[in-house]
Amino acid sequence: MQTSPARYGSPVPLPSPATTDTISLEQAIGKRRSLRAFRPDPLPTATIGQLLWAGQGVTSPDGKRAAPSAGALYPLELYAVTAQQVMHYLPDGHRAETRAASDLRPELQAAALGQSSVGAAPVVIAVTAVPGRLSHRYGAKAGEYAQIEVGHASQNILLQAAALGLGAVPVGSLDPARVAATLALPPDQTVLYLIPVGHVP
């Protein structure tokens, strides 16, 4: 098991997210399906950034984000895992810190009880939570509120994928400790979801 958190390079800006729709919200809702087969084509950095922005991007001058959060305390963290690297999303300034890594998707697939979509997708977004950001205000409810919030953020990511013509599927059947060890996460983070995303065959 991982004993210390991974080290990342200095944060770098991501391409600016698109804020005008390519299809209507109603069309995106209608197109959203849980798709589990993907082409191996890598996704551009701008596309990955767009998906991360949909989940946790800053959308107002006062720092409010794309998904609602209890008390605007924002316990969620997003990671994008590709064949070559792990990106940790930093909503402030729409940036990411990255680290080169061997392909971790097979290990994530094993941690997700062998689900092939996790190993096949060119990008796997891991959604984690830091319950401590909520517990000082909400006490024992912190974990429950984080679970609710992951639903908000994940639906945004899934709808954004549909709007971009991509396939995606939320994966909740997983071993959180094994995913955390694979990604070398800080000990205060809890893994809630994996979201494989890619072009459909």
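The legends below describe close-up views of a predicted model of a single chain.

**View 1. The whole chain and its secondary structure.** In this predicted model, the chain folds into seven helices and seven strands, and these elements follow one another from the N terminus in the order β-α-α-β-β-β-α-α-β-α-α-β-α-β. The C-alpha atoms fill a box of roughly 45 × 40 × 30 Å when this is taken along the principal axes. The radius of gyration of the chain is 16 Å, which agrees with the value near 17 Å that a compact globule of 201 residues would have.

**View 2. Contacts, cover and charge across the chain.** Of the 201 residues in the chain, 44% are buried, and the chain exposes about 9300 Å², of which carbon and sulfur atoms supply 54%. When contacts between residues at least 6 apart in sequence are considered, 74% of them join residues that are at least 24 apart. The chain carries 15 positive and 13 negative side chains, and the centres of these two sets lie 3 Å apart.

**View 3. The open sheet of seven strands.** The strands form an open sheet with antiparallel pairing, and their order across this sheet is β1-β4-β3-β2-β5-β7-β6. The edge strands are β1, at residues 12-13, and β6, each of which pairs on one side only. Strands of a sheet pair through backbone hydrogen bonds, in either a parallel or an antiparallel sense.

**View 4. Strand β5 beside β2.** Strand β2, which spans residues 76-81, pairs with β5 in the antiparallel sense over six bridges. Within this pairing, valine 81 stands opposite valine 124, a residue of β5.

**View 5. Strand β5 beside β7.** Strand β5 covers residues 123-129, and its antiparallel pairing with β7 runs over seven bridges. Isoleucine 125 has isoleucine 195 in β7 as its bridge partner. Strand β7 itself, at residues 190-198, is mostly covered, since seven of its nine residues are buried. In a regular strand, the side chains alternate between the two faces of the sheet.

Conventions: Residues are numbered from 1 along each chain as its sequence is written. This is a predicted model: local features need pLDDT of at least 70, side-chain atom pairs count only at pLDDT 80 or more; totals for chains, interfaces and linings use all residues. Side-chain values use heavy atoms; hydrogens and water are left out. Helices (H or I, at least four residues) and strands (E, at least two) are DSSP runs, numbered from the N terminus. The radius of gyration is taken over C-alpha atoms; the globule rule is 2.2 Å times the number of residues to the power 0.38. Buried means under 20% relative accessible area, exposed over 50%, partly exposed in between (1.4 Å probe, protein chains only). Contact means heavy atoms within 4.5 Å. Accessible areas come from the Shrake-Rupley method with a 1.4 Å probe; for residues, only the protein chains shown count as cover. Lys and Arg count as positive and Asp and Glu as negative; His and the chain ends are not counted. The place of a charge is taken as NZ of Lys, CZ of Arg, CG of Asp or CD of Glu. Two strands pair if DSSP finds at least two bridges between them.
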